[in-house]
Amino acid sequence: MALFKRRTAGKPGEWYYCLKHGTVEEGPQCRAADRFGPYGTREEAAHAMETAREREEEWREDPRWNDGAGDKGSGDKKA
């Protein structure tokens, strides 16, 4: 049994945004639960939080996920 877990090796050209440190990193340096990515460019990774906010807003306004009950963010769909 291994005492230490192997970290995923980083690949040049893959960019991630670390949520814990608020930084852009090339190749995965922090654990998967603490990062967004991979992104194709450093610039895309730098805008990860903005992209996430835009996608969240699109999701909230999507009529397929909104039951019209005025309960924003509940995520419950009625059949």
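Which strand is R35 found in? R35 lies in strand 3, residues 35–39 (strands are DSSP runs of E with at least two residues, numbered from the N terminus). The model is predicted: local features need pLDDT of at least 70, side-chain atom pairs count only at pLDDT 80 or more, and totals for chains, interfaces and linings use all residues. Residues are numbered from 1 along each chain as its sequence is written, and side-chain values use heavy atoms, with hydrogens and water left out.

- R35 is buried without a salt bridge, and E25, the nearest side chain of opposite charge, is 5.3 Å away.
- Buried means under 20% relative accessible area (1.4 Å probe, protein chains only), and a salt bridge needs a side-chain nitrogen of Lys or Arg within 4 Å of a carboxyl oxygen of Asp or Glu.
- The R35 side chain reaches the backbone oxygen of C30 at 2.4 Å.
- Beyond neighbours within four places in sequence, R35 is in contact (heavy atoms within 4.5 Å) with Y16, Y17, C18, L19, E25, P28 and C30.

**Cysteines**
- The count of disulfides (cysteine sulfur pairs within 2.5 Å) is zero.
- C18 is in no disulfide, its nearest cysteine sulfur being that of C30 at 3.4 Å, which is too far for a bond.
- C18 is buried at 0% relative accessibility, and C30 is buried at 14%.

**Nonpolar core**
- W15, Y17, Y39, A45 and A48 form the largest nonpolar core (buried Ala, Val, Leu, Ile, Met, Phe, Trp, Tyr and Cys residues joined through side-chain atoms within 4.5 Å).
- Apart from neighbours within four places in sequence, A48 is in contact with Y17, F36 and Y39.

Definitions and conventions: Helix = DSSP H or I, 4+ residues; strand = E, 2+ residues; numbered from the N terminus. Buried < 20%, exposed > 50% of the residue type's maximum accessible area, 1.4 Å probe, protein only. Lys, Arg positive; Asp, Glu negative; His and termini not counted. Polar contact = N/O pair within 3.5 Å; in protein donor to acceptor, adjacent residues only side chain to side chain.
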